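Work through the following exercises with the structure open beside you, and try each task before reading its solution.

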Amino acid sequence: MGWQGRASWLTILVLLWCMMQGTLTVAGAQGPRPVVDDPETEMWGLVRDSLHPADVAAFLQAYPNGKYAPAARLKLQQLQRPQGVPFPSTQAGMPEPLSALRNSIGMELVLIPAGEFMMGSDYYESDERPVHKVIISKPFYLGKYEVTQAQWLEVMGTNPSHFKGDLNRPVERVSWYMVQEFIRRLNGREGYNKYRLPTEAEWEYAARAGATTQYSFGDNEALLEQYAWYNRNDGGRTHPVGQLKPNAWGLYDMQGNVWEWVQDWRGPYLLGTVIDPQGPVAGNVKGYRGGGWGYGAGRCRVADRSYDAPNYVYGTHGFRLARNAP
């Protein structure tokens with residue numbers, strides 16, 4: 001049976017599952033229904049790691065506009081990729097799937113699909129307003145993890161970090177200017193000019209991973225300790241990357257651990273729809289996002305913005321890299 005046929009059977013099972021969870025109403029049904037806090041998240045957890053296109057197609061039929069729908073559409077596209085089509089690779093003989101690649105210093109990057117989202121927040125800081133539509137017109141790669149001390153040491157030959165002892169911790173005490181030199185050397189090492197910092201819009205788009213809530217996983221602050229190292233669980237230090245839960249697009253530590261420099265100069269948001277915003281052409285402070293160790297939960301919100309001079313160095317500041325997709 002082809003996957004389309006399998007999908008029809010799974011769709012029936014999905015509908016039955018939703019009815020059992022109380023997310024569908026049967027005409028004429030009486031009495032209270034079971035309550036499920038987040039049935040979409042529960043179902044996504046069941047199909048996220050599936051290798052069958054039908055499972056993902058059934059999820060999309062149940063939640064075509066849900067917070068995990070962008071990730072599901074990307075996964076379905078990957079699973080439907082014809083066998084034998086070559087995958088991009090940075091190392092001969094080591095093909096990587098379209099969804100991820102590994103470069104010459106072991107940095108893993110995840111393919112972020114093109115799409116659109118509502119950027120900002122109406123409820124917190126004034127610089128997060130107005131909420132406006134942003135279109136990311138081209139896919140791009142983004143680091144699965146924050147850049148580690150080992151990767152910085154490999155490219156730069158030194159380790160400026162305050163929290164040493166484990167090279168899998170994120171590098172910190174790096175200014176925006178220092179990051180630009182790292183990028184210049186990495187591009188030279190790999191022979192092409194593809195690596196860069198993400199724009200502020202790309203960063204928030206990837207951090208949200210389809211979510212419209214305060215955090216990538218929802219609005220329940222009590223769950224933040226499962227995803228982020230911040231002042232309630234960090235012990236006053238950074239931690240090795242990738243130890244907590246990722247967001248729906250497989251990105252780790254997008255909230256907490258270290259703040260992440262972005263490409264943009266500080267600037268106000270504009271009204272209306274914006275395509276691939278780059279921020280102001282000049283300024284005196286650069287943006288960084290995501291919150292970090294020593295900071296509260298509010299600073300880990302995906303819409304939160306912060307800025308410092310591009311030569312600013314402190315133990316809370318690190319970064320992750322973006323790379324242009326082919």
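The exercises below concern salt bridges in this predicted model.

**Exercise 1.** Find out which residue forms a salt bridge with Glu154, and where the two partners lie.

*Solution.* In one of them Glu154 pairs with Arg189, and their closest N and O atoms are 2.6 Å apart, which is within the 4 Å that the term requires.

**Exercise 2.** Decide whether Glu154 and Arg189 are buried, partly exposed or exposed.

*Solution.* Recall that buried means under 20% relative accessible area and exposed means over 50%, with partly exposed in between. Glu154 has a relative accessibility of 44% and therefore counts as partly exposed; Arg189, at 41%, is also partly exposed.

**Exercise 3.** Describe the salt bridge between Glu200 and Arg305, and name the network that includes both residues.

*Solution.* First, the side chains of Glu200 and Arg305 meet at 2.8 Å, taken from N to O. Second, this pair links distant parts of the chain, because Glu200 is in helix H7 (residues 200–208) whereas Arg305 is in the loop between strand S9 (286–289) and strand S10 (306–308), 105 residues apart. Third, Glu200 is buried at 4% relative accessibility, and Arg305 is buried at 6%. Finally, salt bridges with shared partners join Glu200, Glu204, Arg208, Arg289 and Arg305 into one network.

Technical notes: Residues are numbered from 1 along each chain as its sequence is written. This is a predicted model: local features need pLDDT of at least 70, side-chain atom pairs count only at pLDDT 80 or more; totals for chains, interfaces and linings use all residues. Side-chain values use heavy atoms; hydrogens and water are left out. Helices (H or I, at least four residues) and strands (E, at least two) are DSSP runs, numbered from the N terminus. Buried means under 20% relative accessible area, exposed over 50%, partly exposed in between (1.4 Å probe, protein chains only).
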